[in-house]
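Hi there,

Here is the structure I promised to pass on.

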Amino acid sequence: MLSAAYLAGILASMARVKNSVDTIQLTVSTTPQVRDLLDQLVKTGLYGKNPAEAAERLIADSLRSMHLKGELGSLKTIPDSSG
């Protein structure tokens, strides 16, 4: 079985593709505990390069999951966060 550190190294070395979807900036306030958890996720190498990217990925993944379950009603297609 491959270790998390090994997989994180592989993913970190992969070139990032420019996001083809327009983005906007959003400010979110949170607790120190949530910030600490985001920092820990970043250290895994699987959730972006900083806490803001980790938060964006978690939000996008949660919305995508809710959309696929029909919990958000009728929405436009939610783009996948990889691109």
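Below is what I found, going from the whole chain down to single residues.

First, some ground rules. This is a predicted model, in which local features need pLDDT of at least 70 and side-chain atom pairs count only at pLDDT 80 or more, while totals for chains, interfaces and linings use all residues. Residues are numbered from 1 along each chain as its sequence is written, and side-chain values use heavy atoms, with hydrogens and water left out.

The whole chain

The chain has three helices and zero strands, and along the sequence the pattern reads α-α-α. Helices here are DSSP runs of H or I with at least four residues, strands are E runs of at least two, and both are numbered from the N terminus. Of the 83 residues, 11% count as buried; that label means under 20% relative accessible area, with exposed over 50% and partly exposed in between (1.4 Å probe, protein chains only). The chain exposes about 7,000 Å², and carbon and sulfur atoms supply 60% of that area. Accessible areas come from the Shrake-Rupley method with a 1.4 Å probe, and for residues only the protein chains shown count as cover. Among contacts (heavy atoms within 4.5 Å) between residues at least 6 apart in sequence, 26% join residues at least 24 apart.

How H2 meets H3

Two packed helices are described by the angle between their axes and the distance between the axes. For H2 and H3, the axes come within 8 Å and cross at roughly 90 degrees. The two helices are therefore roughly perpendicular to each other. On the H2 side the contact is made by Arg-35, Leu-38, Asp-39, Leu-41 and Val-42, and on the H3 side by Pro-51, Ala-54, Ala-55 and Leu-58. As for the terms, axes are lines fitted to C-alpha atoms, for helices over the stretch in contact, and angles run from 0 to 180 degrees between N-to-C directions. Angles under 35 degrees count as roughly parallel, over 145 as roughly antiparallel, 65 to 115 as roughly perpendicular and the rest as oblique. If you want a distance to check on screen, Asp-39 and Ala-55 are 16 residues apart in sequence and 9.9 Å apart in space, C-alpha to C-alpha.

Salt bridges

How many salt bridges does the structure hold? There are two, where a salt bridge is a side-chain nitrogen of Lys or Arg within 4 Å of a carboxyl oxygen of Asp or Glu.

- In helix H2 (residues 32–43), Asp-39 and Arg-35 sit four residues apart, about one turn of the helix. Their side chains meet at 3.2 Å, N to O. Asp-39 is partly exposed at 24% relative accessibility, and Arg-35 is partly exposed at 43%.
- In helix H3 (residues 51–68), Arg-64 and Asp-61 are three residues apart, again about one turn of the helix. This pair meets at 2.9 Å, N to O. Arg-64 counts as buried at 17% relative accessibility, whereas Asp-61 is partly exposed at 36%.

A nonpolar patch

Ile-59, Leu-63 and Met-66 make a nonpolar surface patch of about 230 Å². Leu-63 lies in helix H3 and is partly exposed, at 38% relative accessible area. Patches are made of residues with over 30% relative accessible area and no salt bridge; like charges are joined within 9 Å, and nonpolar side chains (Val, Leu, Ile, Met, Phe, Trp, Tyr) within 5 Å.
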